[in-house]
Amino acid sequence: MILAPQSVAVIGASEDLTKFGGRIYKNLVHHGFKGQIYPINPKREQLLGIKCYPAIGATPTPPDMAVMAVPRDAVKEAVAACAAAGTKAAIVITSKFSDAGPEGAALEREMVSVANAAGMRIIGPNCLGIISPANDLVLCASPALFVDSMPKGDIGFVSQSGALMATIFDRAMARGIGFSHCFSIGNQADMDMCDFVDYLIADERTHVICTYVEGIKDARRFMETARRAYAAGKPWLAVKAGRTEFGAAAAFSHTASLAGSYEAFAAACRDCGVLTMDDPDAMMLLAASLGRFPKARPNSVAIVTTSGGGGAIAADRLTDRAIPLASFSDAAKADLAEHYADNVAGANPIDMGTAKQGGSMVVGGVTIKTVIKDTATDLILSAITTAPDVELLCRKLDEGTKEAAAEGFSKPHILVLQQGHSADAARAFLRREGIVYTDSLDDAIRAIEAWRRMADAAPTEPPARPAGVPDDALTADLKGSVGEADTKAILAAHRISTNRGEVVSGPEQAEAMAAKLEKPFVVKVVSPDIVHKSDVGGVVLGLETPQAVASAVSAMASSIARLKPDAKIEGYLVQEMRSGKAELLIGARNDPQFGPMVIVGAGGVLVELLKDVSVALAPVSPAKARTMIESLQIAKLMRGFRGGAVLDIEAAADIISRVSWMAHDIGPRFKELDINPLLVGEAGKGCVAVDGRMLLEDD
């Protein structure tokens with residue numbers, strides 16, 4: 001395979017470590033690549049004792065891989081030379097291609113075309129290369145690789161940032177965490193992230209896959225690849241830049257990747273089995289833990305600490321993330337009572353400083369062994385603060401762990417060494433023994449929280465179409481901004497209840513329309529230029545008579561003429577006013593990469609204030625829709641908060657499913673839909689959409 005070459009050419013190889021070519025060549029030779037190395041340098045006979053060649057076409061056999069860090073204007077020629085020589089793949093370190101604008105993007109396309117015409121693939125450009133401890137292969141210029149040896153592990157890492165790849169590798173290496181392969185992929189001009197993940201899925205030495213993502217080139221392929229990783233039993237963890245408006249802008253300028261909607265990306269990950277995280281260090285800590293305990297799911301955590309204060313802080317942080325503390329079994333409490341006073345025995349956190357005799361360095365081993373054997377505990381978090389001999393304590397914890405393993409018990413254990421240099425000897429011991437640890441309590445908490453979410457990161461099956469949802473979305477004659485009346489007609493055709501009403505032109509028609517409806521009434525202005533109607537007096541509620549409706553229309557027209565004189569008024573919607581026990585926002589929009597997605601959240605005037613929303617790719621089943629509702633803070637109210645009525649969550653979930661199918665069926669023309677609010681009644685009494693608007697493509 002091209003990602004496991006047997007021969008490598010370094011174009012621009014030198015011994016000058018101030019140059020990319022010098023650092024790449026040093027790392028390649030120093031780390032003992034077992035294949036053939038071809039340094040390309042016409043000015044030297046040899047470099048580091050290896051024969052040089054004046055050009056890649058002069059090598060005795062075509063190299064499988066070439067790596068180049070030459071000026072941008074020389075890259076196309078260098079790629080052509082590699083292709084002519086029969087090279088299978090080239091790593092282009094050089095930047096200023098599509099990451100620098102249209103001219104660079106055009107040159108990038110030409111470079112890829114030249115390579116592909118000869119059957120050669122391109123990695124990059126604007127990347128930092130490959131670090132493959134499993135293959136003793138380093139094609140990376142980072143000085144972080146100027147080390148005697150690299151720890152080998154089972155984590156595969158694909159990064160769209162080269163410097164971040166090297167930084168994460170360096171930080172992980174400092175904690176004894178090893179990798180199988182690391183790939184910096186830059187602009188993904190030819191080979192994209194999924195090509196590298198596919199390699200890691202097939203690689204027997206890789207058990208966990210990690211990615212740093214700035215943008216997805218092919219959403220459909222991303223999801224297909226993710227499902228393959230899940231089916232292969234290889235957890236895929238992802239940190240994505242661009243979660244915020246400013247982060248998205250930075251990602252675009254960095255690698256010319258479309259950052260897209262983070263919410264859509266996260267929804268796609270949930271649907272296809274990728275676990276999203278927000279911090280690379282926590283991702284690596286979790287990856288290292290998963291490599292040792294791939295089937296574990298930490299539903300309850302035991303804290304073992306050398307400090308009451310440290311334990312209290314850890315307990316608070318776990319509680320903040322809704323991570324339950326374990327309640328020890330009676331057997332564990334009895335064992336702990338032998339070493340701890342009655343008033344603290346069996347408490348969680350376990351403060352080893354309160355031991356009857358000897359403190360943590362005496363009771364550390366027996367304590368950790370007891371907790372590992374405890375059936376009521378899923379994971380152990382050891383929050384270690386300053387102690388007389390932290391290295392000895394870590395040795396005792398390791399001894400207790402090994403004794404438990406000898407009896408057939410094992411359990412995830414994350415150590416947090418919160419000291420400074422006083423714990424360096426302990427860190428060295430943990431690295432030698434391959435024991436997972438971190439210096440950051442925050443990393444540990446983030447890793448545990450994400451680990452608990454892994455049960456939710458499982459591929460979902462396509463939902464069945466609900467009864468009564470038409471195959472035709474009924475929007476063929478509509479375009480642009482679709483008003484409330486037309487939107488509600490489409491909702492009604494999808495068996496979504498709406499309140500009756502009709503658009504009229506003025507006060508007299510409004511009064512006549514109200515006489516045909518049941519009071520109380522509501523009047524709303526109909527205008528493509530007015531989104532927030534209440535801001536300009538465009539909504540009046542609770543009208544009791546047709547005459548009051550007519551007066552409201554007259555007053556509304558005057559208010560809008562004063563506050564928004566340029567607005568086009570298409571009429572006034574006179575409706576029956578309905579009530580409910582809670583208000584939801586049900587929305588949908590078309591993401592440019594992942595397609596239609598459905599949104600549910602707290603509705604009414606609270607929608608922008610609370611931003612309490614859940615997002616999923618469309619379509620969704622009613623069961624999936626219910627889980628979306630249950631994830632919201634407003635779900636507490638809907639379940640009967642403080643003796644209140646239980647609301648019709650099932651009806652709301654059914655409507656979310658129907659809306660998701662509507663967005664799915666409209667296809668590329670669909671842009672946005674808002675139902676706000678959807679009024680939710682008591683259980684069994686249904687829901688009603690009292691306001692709605694849709695946006696379609698104009699063409």
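# Questions on a predicted chain

User: In which loop is the place of Ser142?

Analyst: Helices and strands are runs assigned by DSSP and numbered from the N terminus (H or I, at least four residues, for helices; E, at least two, for strands). Residue numbers start from 1 along each chain as its sequence is written, and the model is predicted, so that local features need pLDDT of at least 70 and side-chain atom pairs pLDDT 80 or more, while totals for chains, interfaces and linings use all residues. Side-chain values use heavy atoms, with hydrogens and water left out. Ser142 is in the loop between β9 (137-140) and β10 (152-159).

User: Is Ser142 buried or exposed?

Analyst: Relative accessible area decides this: under 20% is buried, over 50% is exposed, and values in between are partly exposed (1.4 Å probe, protein chains only). Ser142 has 10% relative accessibility, so Ser142 counts as buried.

User: Which residues is Ser142 in contact with, leaving aside neighbours within four places in sequence?

Analyst: Contact means heavy atoms within 4.5 Å. A polar atom of the Ser142 side chain also lies 3.1 Å from the backbone nitrogen of Ala144. With neighbours within four places in sequence left aside, the contacts of Ser142 are Asn27, Leu128 and Ala166.

User: How many disulfides does the count come to?

Analyst: A disulfide is a covalent bond between the sulfur atoms of two cysteines. The rule used here asks for a pair of cysteine sulfur atoms within 2.5 Å. By this rule, the count is 0.

User: How far from Cys127 is the nearest cysteine sulfur?

Analyst: Cys127 is buried, because its relative accessibility is 5%. Cys127 is in no disulfide, and the nearest cysteine sulfur belongs to Cys140, at a distance of 9.0 Å.

User: Which cysteine has the sulfur nearest to that of Cys194?

Analyst: Cys194 has a relative accessible area of 2% and is therefore buried. Cys194 is in no disulfide; at 9.6 Å, the nearest cysteine sulfur is that of Cys272.

User: At what angle do the axes of α10 and α15 cross?

Analyst: Two packed helices are described by the angle between their axes and the distance between the axes. Axes are lines fitted to C-alpha atoms over the stretch in contact, with angles from 0 to 180 degrees between N-to-C directions. The axes of α10 and helix α15 (residues 441-452) come within 10 Å, and the crossing angle is roughly 35°.

User: How far apart in space are Ala312 and Pro349?

Analyst: Ala312 lies in helix α10 (residues 308-320). Ala312 is partly exposed, because its relative accessible area is 39%. Along the sequence Ala312 and Pro349 are 37 residues apart, and from C-alpha to C-alpha the distance is 7.3 Å.

User: Which residues does Gln418 touch, not counting those up to four places away in sequence?

Analyst: Gln418 is in the loop between β18 (413-417) and α14 (424-433). With a relative accessible area of 35%, Gln418 is partly exposed. Not counting residues up to four places away in sequence, Gln418 touches Ala383, Ile384, Thr385 and Asp439.

User: What percentage of the residues of the chain count as buried?

Analyst: The chain has 22 helices and 30 strands. Its C-alpha atoms fill a box of roughly 95 × 75 × 45 Å along the principal axes. Of its 699 residues, the part that counts as buried is 55%.

Notes:
Polar contact = N/O pair within 3.5 Å; in protein donor to acceptor, adjacent residues only side chain to side chain.
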